[in-house]
Structures are given as C-alpha cells and as structure tokens.
Amino acid sequence: SESLVGKYWGAKQKEKLNKSIRLTFFWGMGMGVLFSLAYVFAGTFLLQIFTNQADLIEASKPYLIWMILFPLLATPCYLWDGIFIGLTASVAMRNSMLLSLALFILIYYAFTGWENHGLWLSLILFMVARGLIQAWMYLKGRVVMA
C-alpha cells in the first residue's frame, strides 16, 4: 500500500487513493483473521514447533488468547503505518506513537498486578490506540506531511 498510496496521493487521484486504502484494509484484515484462526485451531501445535518441553507448552497456553486477539486488534495500526509512510506523514506517525505510548504506560502501570497478562493487555491497547488515532488523523485531514 505504501507505493500505491504515495503514487495516488502525489498524482492527486483521491478516488484511487481511497480505493487503495479500502483494499489495503480488506486484504490486511482478511490476513489478520486468518492468522487469528490459525492460533485458535493450531495454537498448541504452533507452540510445539518452538519447543518440545511439555511444561513450557503448558505454561504458554494461558497466553494463547492474546495471540488470537493480536492479529485482529493490531493489524489496523500496521496498515495505517504503511498508508502514512506512503503519504510521507512521518510527523503524524510520530504523534500517534507518542499519544499511544502515554496510554501504554498508564495501562501498564495500572495492570502490573496482572503480570504477563497486564503486559499483553497494555501492548494490544497500545496497538488499538495507534490504529484509532491514525484513522482519526487521516479521516479528519490532520495528516501532516514531512
């Protein structure tokens, strides 16, 4: 999407720009769903690829829920990153990252008692915040070009 977004932005072809963004989300989120389904149906198998230690596999199973949620909830921010790169909107990317980092720190410290689950929650909400902030910036025309 980076090259297509950059091409259509530079050529001032808004209709093609919007179509490339829609297709980016269609295919990107489709892949996110497929990855989440892979973790749903083959999570334990995937853990077994990384280790043959039964105790480590068992200790990892409670965290599979986060691996299932991650592709669904984090994919939009990665897609927006590609779009922002194509738009050369590095200032907007930086600003969305800083706002999301502040949220991450607040959530991380609020949920330290949740141990690793708190870290996963913080990470996923950081990604969701980035995606939402970037979407808001784009939709409201607040994307500042470098």
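**Entry 1: W9**

I count a residue as partly exposed when its relative accessible area lies between the 20% under which it is buried and the 50% over which it is exposed. The model I am looking at is predicted. I looked up W9 and found a relative accessible area of 38%, so W9 is partly exposed. W9 sits in helix α1. I also checked W9 against V40, which is 31 residues away along the chain. The C-alpha atoms of W9 and V40 are separated by 38 Å.

**Entry 2: the whole chain**

I then stepped back to the protein as a whole. I find six helices and zero strands. Read along the sequence, the pattern is α-α-α-α-α-α. The C-alpha trace spans about 55 × 30 × 20 Å along its principal axes. The protein has 146 residues, and 34% of them count as buried. I next looked up the contacts between residues at least 6 apart in sequence. Of these contacts, 72% join residues at least 24 apart.

**Entry 3: helix α1 against helix α4**

Two packed helices are described by the angle between their axes and the distance between the axes. I looked up both values for α1, residues 2-10, and α4, residues 64-86. The angle is about 40 degrees, and the axes are 7 Å apart. That angle makes α1 oblique to α4, because an angle under 35 degrees would be needed for roughly parallel, and roughly perpendicular begins at 65. I noted the handedness too: α1 passes α4 in a right-handed crossing.

Which residues of α1 and α4 meet? On the α1 side I list E2, V5 and G6. On the α4 side I list G82, I83, I85 and G86. Sorted by class, the contact of α1 with α4 has three nonpolar, three polar and one charged residues.

**Entry 4: D81**

I stayed in helix α4 and looked up D81, which is placed there. Is D81 buried or exposed? Its relative accessibility is 13%, so D81 counts as buried, the cut-off for buried being under 20%.

What does the side chain of D81 make a polar contact with? The partner is the side chain of Q134, at 2.8 Å. I then listed the contacts of D81, leaving aside its neighbours within four places in sequence. D81 is in contact with M93, R130 and Q134.

**Entry 5: recap**

Technical notes: Residues numbered from 1 in each chain as written. Predicted model: local features only at pLDDT ≥ 70, side-chain atom pairs only at ≥ 80, totals over all residues. Heavy atoms only, no water. Axes fitted to C-alpha atoms, helices over the stretch in contact; angles between N-to-C directions. Helix = DSSP H or I, 4+ residues; strand = E, 2+ residues; numbered from the N terminus. Parallel < 35°, antiparallel > 145°, perpendicular 65-115°, else oblique. Left-handed = near helix turned anticlockwise from the far one by under 90°. Contact = heavy atoms within 4.5 Å. Nonpolar A, V, L, I, M, F, W, Y, C, P; charged D, E, K, R; others polar. Buried < 20%, exposed > 50% of the residue type's maximum accessible area, 1.4 Å probe, protein only. Polar contact = N/O pair within 3.5 Å; in protein donor to acceptor, adjacent residues only side chain to side chain.
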